[in-house]
Amino acid sequence: MVHLFLICMLMILFSSLLGSPEVCTNSLIPGAKGDQGQCGEEGDEGKLGKSGPPGLPGEPGDSGAKGETGPMGKMGPAGDRGDKGDTGQNGPGGFKGKAGTTCDCGRYRTVVGMLDVNIGKLRNAVKFMKNVALGLRETEERYYLLVKEPKKFKEASMNCKLRGGSLAMPKTTHTNQLMAEYVSQAGLTSVYIGVQAQSTDGRSSYVYADSSPVQVWAALNPQEELHSPSALNTSSSCVELLSTGMWGHVECEVTMFFVCEFVKSRGSATDVSPSS
C-alpha cells in the first residue's frame, strides 16, 4: 500500500515537470555589498572658473607716514618795494674831538693825487664788470643789454621798461654795428629791436620805440626793404636786427630774444643802471 502511494506521487511530479517548459534568463541577481575600496590618486587641477562678483569695499587703511621734504623750488620774482619806515630817534652826541693841526698842503696834495689814480683804476674795474661780467655794451650815452628770454614784441618792450630802459634803438651806424657784434658774439642770428610799423592816415611807416621816425641810412641797404609795400601791408610788422647788421621784417607775435638800452646817468660815467 505504501509502495503504491510513492509510485503515484512520483508519477504526479514527473507529469508536472513535463507540463511546464523551462525558461532561461540573463538577469543577474546582485550580490551582497562589498567593503569600501582605497582612496584613489589626486586628480589634475581643474580649469579656472569665471570671476565672481566684486566683494564689498573694505575699511579705509591707516594714513601713511609723512614723506620727506621735497627739493626747494626756484626763487620767485622780487616783491614790491615796501613803504619807507619811520625815522629813528637821534643817537647820543659824540665826544668832543681834539684840536686840529696846521695844514700840511704838500702832503694832502700827494694824497689827492693818489686818490685820483685809485679812482681811475676803479673806473676801469667797473668798466670791466659792465663789459665782461655783466655782459653789457656801451656808447658814450647808453648801455645795451642782451636779454636771452624769448618774448613777443610787446612783452619784450614791457620787460625793458620794467628794467628802467627801453627796446634798443640803433639810430646811428656805429650803434647798429655795436649791437650787431653783440648779437654775433652771443651766438645768435637775430633779436628784436625797438622798431615797429605804424599806420597813419592810411599810410604805414616805421618808427622807433620813442615814436621818432626811422631815418634812411646810406650804410644800411635793408632800410629800403622795410619800406616796401609787402613789408608794410600789416600793422603788426616789427623789425629784427640780424647778426650781420642788417634789419629784417618779422611778425610781432614771434618770440625772440631782444636788446634793451639804458641812458647813462649824467652824474657819473661809472654807474651800472640795468640789472639782469
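Predicted model: local features only at pLDDT ≥ 70, side-chain atom pairs only at ≥ 80, totals over all residues.

Colleague: Which residues have the most contacts inside the largest nonpolar core?

Modeller: In soluble globular proteins, nonpolar side chains tend to be buried together. Here the largest such core comprises 36 residues, and Val195, Trp247 and Phe258 have the most contacts within it. Among the elements that give two or more residues to this core are helices H3 (153-162) and H4 (173-185), and strands S4 (190-200) and S8 (256-263).

Colleague: What is phenylalanine 258 in contact with, leaving aside neighbours within four places in sequence?

Modeller: Its partners include Leu145, Leu146, Val147, Ala156, Cys160, Leu167 and Val191, and also Glu149, Lys151 and Asn159.

Colleague: Which residues form a nonpolar patch on the surface?

Modeller: Phe5, Leu6, Met9 and Ile12 do, and together they have about 430 Å² of accessible area. Isoleucine 12 belongs to helix H1 (residues 2-19). Isoleucine 12 counts as exposed because its relative accessibility is 54%, and the cut-off for exposed is over 50%.

Colleague: Is glutamate 261 buried or exposed?

Modeller: Glutamate 261, in strand S8, is buried, with a relative accessible area of 5%. A polar atom of its side chain lies 3.0 Å from the backbone nitrogen of methionine 169. Not counting residues up to four places away in sequence, glutamate 261 also touches Arg142, Tyr143, Tyr144, Gly165, Ser166, Leu167 and Ala168, among others.

Notes
Residues numbered from 1 in each chain as written. Heavy atoms only, no water. Core = buried A, V, L, I, M, F, W, Y, C linked by side-chain atoms within 4.5 Å. Buried < 20%, exposed > 50% of the residue type's maximum accessible area, 1.4 Å probe, protein only. Helix = DSSP H or I, 4+ residues; strand = E, 2+ residues; numbered from the N terminus. Contact = heavy atoms within 4.5 Å. Patch = residues over 30% accessible without salt bridge, like charges linked within 9 Å, V, L, I, M, F, W, Y side chains within 5 Å. Areas by Shrake-Rupley, 256 points an atom, 1.4 Å probe, with all protein chains shown as cover. Salt bridge = Lys/Arg side-chain N within 4 Å of Asp/Glu carboxyl O. Polar contact = N/O pair within 3.5 Å; in protein donor to acceptor, adjacent residues only side chain to side chain.
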